[in-house]
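Hi,

Here's the structure I promised to pass on. Have a look at it first, and then read my notes below.

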Amino acid sequence: MEESSRPTVGDYMTREVATVELDDTVGEVARRIADNDHFSGFPVTDGRRVEGFVSARDLLLAEDHEPMFRVMTDDILVAHPDMAVQDAARVILRSGIQKLPVVDDAGHLVGIISNADVIRSQIERATPGKVDKLGRTLENIHGITTHEGRREVNLDDLTPTQTTVYADELEGRVYELERGLAEPLVVIDNGGDLLLADGHHRVKAAARLGIDEMDAYVIVLDETVELGMAETAADSDLESIEDIEVVDYAHHPLVQTTERLQD
């Protein structure tokens, strides 16, 4: 797998964007913001074209009956799908805004990128390299070829390969998932059997939040082989995510080592 050195806005933007229209009133939009914790403002559109952006602050001093075209900010910053995420990050940081509408060459809204998306792009940066290294290791050990892809996987279809996760780290993964910051899983597809190679804390966090599917890098083995990690999972009676035990951080090997040094 070739690892891109220049992730783009199109790679990380949200494509399904909630918008408001020019004639929507302050009262209507304020209720949408009040009813949903995820909304702090909306692009204002006329058809597919972005005409402005309205934030909660824009609504504070306006009358409920006023339309968006009177209260919106029409001198707005936008991004393009081909723009480097790093450049979008600079715009977001220096302007103090949280979200950039993403428009194509015709000025049509195609997505939105937030400061959370920018952070996620940095978290994920090392993952393709880990996947490529694991794929090459499997090829060398088993004398096979592999290919890699990225897709949504159903968590019920995964066989874990790690018996425990730590409670404190699990809380961190819950926090990341709630804010869309978690990096993808790493999964090995061995003849249709999906082995979870990396992401055990993330899948336990997803199960807690009622998430059924997650984004994953999938290494597909071009022929079925006997994998040591599959044998380990079988020996440990690991069949599903529910079989992964959550243990207190005090049992973490690093904590135990620190305690021994303090004795």
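Let's start with Arg-151, which is partly exposed, with a relative accessible area of 36%. Keep in mind as you read that this is a predicted model.

Which residue does the side chain of Arg-151 meet in a salt bridge? It's Asp-189, with an N to O distance of 3.5 Å. This pair ties together distant parts of the chain: Arg-151 sits in strand 6 and Asp-189 in strand 9 (residues 185–190), 38 residues apart. And is Asp-189 buried or exposed? Asp-189 has a relative accessibility of 13%, so it counts as buried, because the cut-off for buried is under 20%. Arg-151, at 36%, falls in the partly exposed range.

**Salt bridges within helices**

Take helix 7 (residues 127–142), where you'll find both Arg-136 and Asp-132. Their side chains form a salt bridge at 3.1 Å, N to O. The two are 4 residues apart, about one turn of the helix. Arg-136 itself is partly exposed, with a relative accessible area of 43%.

Now go to helix 8 (residues 167–178) and find Arg-173 and Glu-169, which are 4 residues apart and therefore separated by about one helical turn. Their side chains also meet in a salt bridge, 3.1 Å from N to O. Arg-173 is partly exposed at 21% relative accessibility, and Glu-169 is partly exposed too, at 29%.

There's also a network to look for: salt bridges link Lys-130, Glu-183, Asp-198 and Arg-202.

**A negative patch on the surface**

Next, colour the surface by charge, if you like. A patch of negative charge gathers there, and its members include Glu-152, Asp-156, Asp-157, Asp-212 and Glu-213.

Where is Asp-157 found? It's in the loop between strand 6 (146–154) and strand 7 (158–160). Asp-157 is partly exposed, with a relative accessible area of 47%.

**The domains**

Finally, zoom out. The domain assignment gives domain 1 (9–122) and domain 2 (126–247). How far apart do the C-alpha centres of domain 1 and domain 2 lie? They are 35 Å apart.

Happy exploring!

Notes:
Residues are numbered from 1 along each chain as its sequence is written. This is a predicted model: local features need pLDDT of at least 70, side-chain atom pairs count only at pLDDT 80 or more; totals for chains, interfaces and linings use all residues. Side-chain values use heavy atoms; hydrogens and water are left out. Patches are made of residues with over 30% relative accessible area and no salt bridge: like charges are joined within 9 Å, nonpolar side chains (Val, Leu, Ile, Met, Phe, Trp, Tyr) within 5 Å. Accessible areas come from the Shrake-Rupley method with a 1.4 Å probe; for residues, only the protein chains shown count as cover. A salt bridge is a side-chain nitrogen of Lys or Arg within 4 Å of a carboxyl oxygen of Asp or Glu. Lys and Arg count as positive and Asp and Glu as negative; His and the chain ends are not counted. The place of a charge is taken as NZ of Lys, CZ of Arg, CG of Asp or CD of Glu. Buried means under 20% relative accessible area, exposed over 50%, partly exposed in between (1.4 Å probe, protein chains only). Domain bounds come from an automatic or database domain assignment.
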